[in-house]
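Here's a quick briefing to read alongside your model. Have a look at the sequence and the fold, then go through the notes below.

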Amino acid sequence: MLKSLILENENKIETFDISYYEAQRNHPVMAAISALETTNEIQKCYFDLEDSSLDFNALKLYALLQSLFVSVDSLYALSISLTKSKNLININRNPVLRELKYIRNDVVGHPANRMFNSTTLAYCILDIESINKYEFSYNIFSGQGIERKKINLTELVENYYIECNSFLEELHRVEVKERQTSNFSKLSLEALNLFDMRGDYYACLAKLKKLYLKHYPTATPSQHRFLWRMELIDELRDFSYQDFDIQDLKEYAIGLEIIKIYQSFSGKEYSVFLGRRKPSLISEFYRFLKKNKKSLPLIDKINDIKQPLLKDSLNQLFQLAKEKNAHGVIKYLNFLKTLYDNKEATLLYAFALPLKDYKNK
C-alpha cells in the first residue's frame, strides 16, 4: 500500500506546472512544491535502504521525521500561496498525524530540553536498538515518571501520504481554476483595451469564448452568465437603428457588457468606463436622476420584460421627464418602450443596463 501511495504522491506533485510558476516568479509556490519533491525522496529512501548499523538507522530516522515535518509545513505553505488561507488543510483532523509534531520534537527537535508546558521540563532518550524500518521506541523522563512510546512508522507515513494526496488533489483543482480565471481575466481585459482603441475586440472575445468552452464544454447561456453576456453582445452588434444617439448608446452598452465580463472573471471593480465619452442620452438621464432622486426606485423595474410593473414604471418616468422638459430622457424612454412593445427582451435589458448601473453606484 505504501509504495502505491508514494507513486500517487509523485504523480500529484507533477500535476503542478512548475514552469508556469517560474514564469510568474511565484517563488512561494515553487519552494513549497520543491520541498515536497525533496522530502518525498527522503521518505522513499528510508524504506528502500536496508537496515545496517545502529548509527545509520538513527540517521535515517532523524531524516524521516524531519522530512515529514517539513512536508506538512510545505503543504500549509502551498495552501496559503494558492488560496490565501490554511483552511483547506487541517492535519489535526487525522489522529495519527496529530502526533507527528510531538514525536518529531521529542526525538529530533528538543530531546534534551523538552517543554511540555510552561512549568514541566522533560527529557527524551531514543532507544537506538529499537529502530527498524517499521517502528522505533523512545523514553520520556519527567517529574511524573518515565513514559515509553512505541511509534509505528508505517502507519505514520501511510497516514501522511493519504492526507497529502487528498490535499494535493484539492489544491490542484484550486490551482487549475485559478489559472483558468487568470487567463479569462487577461483576455477580457485585452478585449476592453481593444474596445477602447476601437480595435478588433470581438476577435478577442471569440478567443475567450473558445477557451471558456474548452474548459466547460457542456456550458449553456442559461447556466453560465459569461455565455449569456456574449449572446447580449452578439444581439447588440446585429442591432441597427437609424439614429446617431441610439447607435452611440448601443456602443456604450456593448462596452458595459465587456466590463461586466471582466469584473466577473477578475473579481475587481472597473469604475472608469475606458477612454470613451458617455453618450449624450445617458449623460442627460444621469443628470435627470440626480435631480429627481425619488424616481430611482422606478429604474429597478425597467430592464426585465417580465417585470409586471415595467410598463407603469416607464410611464411614470416618461410623465416626469415631460414635466421637466427633459428631451433626451424622453427619447431614451420612448426607445425602451419600443423595445418593450416589440418584445425585444434581450435588447431591453442591454439598453436599460446603463440606467441600472447608475442606480447601483
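Helices (H or I, at least four residues) and strands (E, at least two) are DSSP runs, numbered from the N terminus. On that count, the protein has 14 helices and 4 strands. Its radius of gyration (taken over C-alpha atoms) is 32 Å, well over the 21 Å that the globule rule (2.2 Å times the number of residues to the power 0.38) gives for 361 residues, so the protein is more spread out than a compact globule.

This is a predicted model: local features need pLDDT of at least 70 and side-chain atom pairs count only at pLDDT 80 or more, while totals for chains, interfaces and linings use all residues. Residues are numbered from 1 along each chain as its sequence is written, and side-chain values use heavy atoms, with hydrogens and water left out.

**Overall build**
- The C-alpha atoms fill a box of roughly 95 × 45 × 35 Å, taken along the principal axes.
- Of the 361 residues, 45% count as buried (buried means under 20% relative accessible area, exposed over 50%, partly exposed in between; 1.4 Å probe, protein chains only).
- Take the contacts (heavy atoms within 4.5 Å) between residues at least 6 apart in sequence: 61% of them join residues at least 24 apart.

**Helix 7**
- Helix 7 covers residues 201–215, which makes 15 residues.
- From first C-alpha to last, helix 7 reaches 22 Å, close to the 21 Å expected at 1.5 Å a residue (the expected span is 1.5 Å times one less than the number of residues).
- Y201, C204, L205, L208 and Y212 are the buried residues of helix 7. They sit on the same side of helix 7, because they cover an arc of only 100° around the axis (the arc is that of the directions from the helix axis to the C-beta atoms).
- Those buried residues pack against helix 6 (153–196), helix 8 (225–238) and helix 9 (244–266).
- Over on the other side of helix 7, you'll find K207, K210 and K214 exposed.

**Cysteines**
- With a disulfide taken as a pair of cysteine sulfur atoms within 2.5 Å, the count comes to 0 disulfides.
- C164 is in no disulfide, and the nearest cysteine sulfur, that of C45, is 18 Å away.
- C164 is buried, with a relative accessible area of 0%, and C204 is buried too, at 6%.

**Around R277**
- R277 is found in the loop between helix 9 and helix 10 (280–291).
- Leaving aside neighbours within four places in sequence, R277 is in contact with F244 and D248.
- R277 and Y252 are 25 residues apart in sequence and 9.1 Å apart in space, C-alpha to C-alpha.
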